[in-house]
Amino acid sequence: MKKRILLLLSLFLLWGCQSTPSKTLSQPVTLSFFYTQTCPVCKAFKKEAIPYLEKVFGNSLTIEMYDIDEDATKPKYDGIIDSLVDFDQSEYGYGPFYAVEGYFAKLGYTAGDEEYLADDIERAVNHETLSDELSGLRYIYKES
């Protein structure tokens, strides 16, 4: 009886353990993350999405973080906004806002989006169509 219980417990533990997929991008990519200190959604992105992306992409993804409320951030933020097609100016200054530089930017985050984001980063680098899951408030970079 003890062996069965131990076996079942072991199976449940193994079943609950999921590994994070590892991906290597064909070229290095930078994700610029803009946040405010008081934003709970920004804090959730920092806590959940950033570690997930770091684990998935390793050194092929550089993540830079910027506090939107700091004056030194404004040129970087404005440069990205100016590079996007049809950015909704009424959304200016809201977070979380992240940009996969040269490919797309997105305003907002929902827990669990990090898997879709990782897939979209890989798709963007491979010049494939982005998923529909994160299409709301997603902006594409202007072609150079």
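These exercises go through backbone details and aromatic contacts in a predicted model. Residues are numbered from 1 along each chain as its sequence is written, and side-chain values use heavy atoms, without hydrogens and water. Local features need pLDDT of at least 70 and side-chain atom pairs 80 or more, while totals for chains, interfaces and linings use all residues.

**Exercise 1.** State which form the peptide bond from Gly95 to Pro96 has, and where Pro96 lies.

Step 1. Omega of this bond is near 0 degrees, and the bond is cis.

Step 2. Pro96 belongs to the loop between α3 (74–82) and β3 (97–100). Helices (H or I, at least four residues) and strands (E, at least two) are DSSP runs, numbered from the N terminus.

**Exercise 2.** Classify the aromatic pairs Phe45–Tyr98 and Phe87–Tyr139.

Step 1. A pair of aromatic rings is described by the distance of the centres and the angle of the planes. Rings of Phe, Tyr and Trp (its six-membered ring) pair if their centres lie within 6.5 Å; planes under 30 degrees apart are stacked, over 60 edge-to-face, and the rest tilted.

Step 2. The structure holds 11 aromatic pairs. Among them, Phe45 and Tyr98 are stacked, at 5.0 Å centre to centre and 20 degrees between the planes. Phe45 is in helix α2 (residues 40–57) and Tyr98 in strand β3, 53 residues apart. Both Phe45 and Tyr98 are buried.

Step 3. Phe87 and Tyr139 are tilted, with 4.9 Å between centres and 55 degrees between planes. Phe87 is in the loop between α3 and β3 and Tyr139 in strand β5, so this pair ties together parts 52 residues apart in sequence. Phe87 and Tyr139 are both buried.

**Exercise 3.** Find the ring under the charged end of Lys46.

Step 1. The criterion is NZ of Lys or CZ of Arg within 6 Å of the ring centre and within 35 degrees of the ring normal.

Step 2. The ring is that of Tyr35, and the charged end of Lys46 sits over it, 3.7 Å from its centre.

Notes: Buried means under 20% relative accessible area, exposed over 50%, partly exposed in between (1.4 Å probe, protein chains only).
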